Amino acid sequence: METPLSDECFMRRALKEAQNAFDREEIPIGAVIVADNQVIAKGSNSVEQLNDVTAHAEILAITSAEDFLGSKYLTDCTLYVTIEPCIMCAGAIYWSHINRLVFGAYDEKAGFSKFAPSILNQRINVTTQILETDCSQLMKSFFTNKR
């Protein structure tokens, strides 16, 4: 299992993905998937670019990791995401059998823990609030600029 120091390192990689989304005027959420202490997949929110409501950072990263590993199951992987996953993404996390989820900031409006806190497999290890201030500040900046 990764140490807290590597959690911060991988969350910084997810933040780079979120910044990529921000730069493309997408809601700034980024994700990376790690196996054996190496990033094997990444994703940034691409809903507007792809004109696809399912093109969330987590979904794109999960699909990429499954392609990389040649398996629909990501049992030995950790997903790092800047903002708490929504219900759709939590369902994908459940079905892909990711064994660890690390996220930066809670999403009080659309996060899975508000609407379906038991959606994840009970065996998944969840770590929260890694680089929380950095993750939430990027979201706040995005929406401040939109208003």
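Q: Where does Asp-36 lie?
A: Asp-36 sits in the loop between β1 (30-35) and β2 (38-44); strands here are DSSP runs of E with at least two residues, helices are runs of H or I with at least four, and both are numbered from the N terminus. This is a predicted model, so local features need pLDDT of at least 70 and side-chain atom pairs count only at pLDDT 80 or more, while totals for chains, interfaces and linings use all residues. Residues are numbered from 1 along each chain as its sequence is written, and side-chain values use heavy atoms, with hydrogens and water left out.

Q: What makes Asp-36 buried or exposed?
A: Its relative accessible area is 75%. Exposed means over 50%, buried under 20% and partly exposed in between (1.4 Å probe, protein chains only), so Asp-36 counts as exposed. Asp-36 also has a positive phi of about 50°, although it is not a glycine.

Q: Why is Asn-37 called partly exposed?
A: Asn-37 has a relative accessible area of 48%, so it belongs in the partly exposed class. Asn-37 is in the loop between β1 and β2, and its phi is positive too, about 65°.

Q: How do you know whether α3 and α4 are roughly parallel or roughly antiparallel to each other?
A: Helix α3 (residues 57-69) and helix α4 (residues 87-96) pack at about 20°, with their axes 9 Å apart. The axes are lines fitted to C-alpha atoms, for helices over the stretch in contact, and angles run from 0 to 180 degrees between N-to-C directions. Under 35 degrees counts as roughly parallel, over 145 as roughly antiparallel, 65 to 115 as roughly perpendicular and the rest as oblique. So α3 and α4 come out roughly parallel.

Q: What makes the contact between α3 and α4?
A: On α3 it is Glu-58, Ile-59, Ile-62 and Glu-66, and on α4 it is Met-88, Cys-89, Ala-92, Ile-93 and Ser-96; contact means heavy atoms within 4.5 Å. These residues divide into six nonpolar, one polar and two charged, where Ala, Val, Leu, Ile, Met, Phe, Trp, Tyr, Cys and Pro count as nonpolar, Asp, Glu, Lys and Arg as charged, and the others, Gly among them, as polar.

Q: What covers the buried residues of α4?
A: The cover includes α3, β3, β4 and α5 (112-115). The buried residues in α4 are Cys-89, Ala-90, Gly-91, Ala-92, Ile-93 and Ser-96.

Q: In what sense do β3 and β4 pair, and over how many bridges?
A: Strand β3 (residues 77-83) and strand β4 (residues 100-105) pair in the parallel sense, over five bridges. Val-81, for one, has Phe-103 of β4 as its bridge partner.

Q: Why is β4 said to be largely enclosed by the rest of the structure?
A: Six of the six residues of β4 are buried, so that description applies.

Q: How is Leu-60 classed, buried, partly exposed or exposed?
A: At a relative accessible area of 28%, Leu-60 is partly exposed. Leu-60 is in helix α3 and touches Lys-42, Gly-43, Ser-44, Ser-46 and Ala-55, not counting residues up to four places away in sequence.

Technical notes: Two strands pair if DSSP finds at least two bridges between them.
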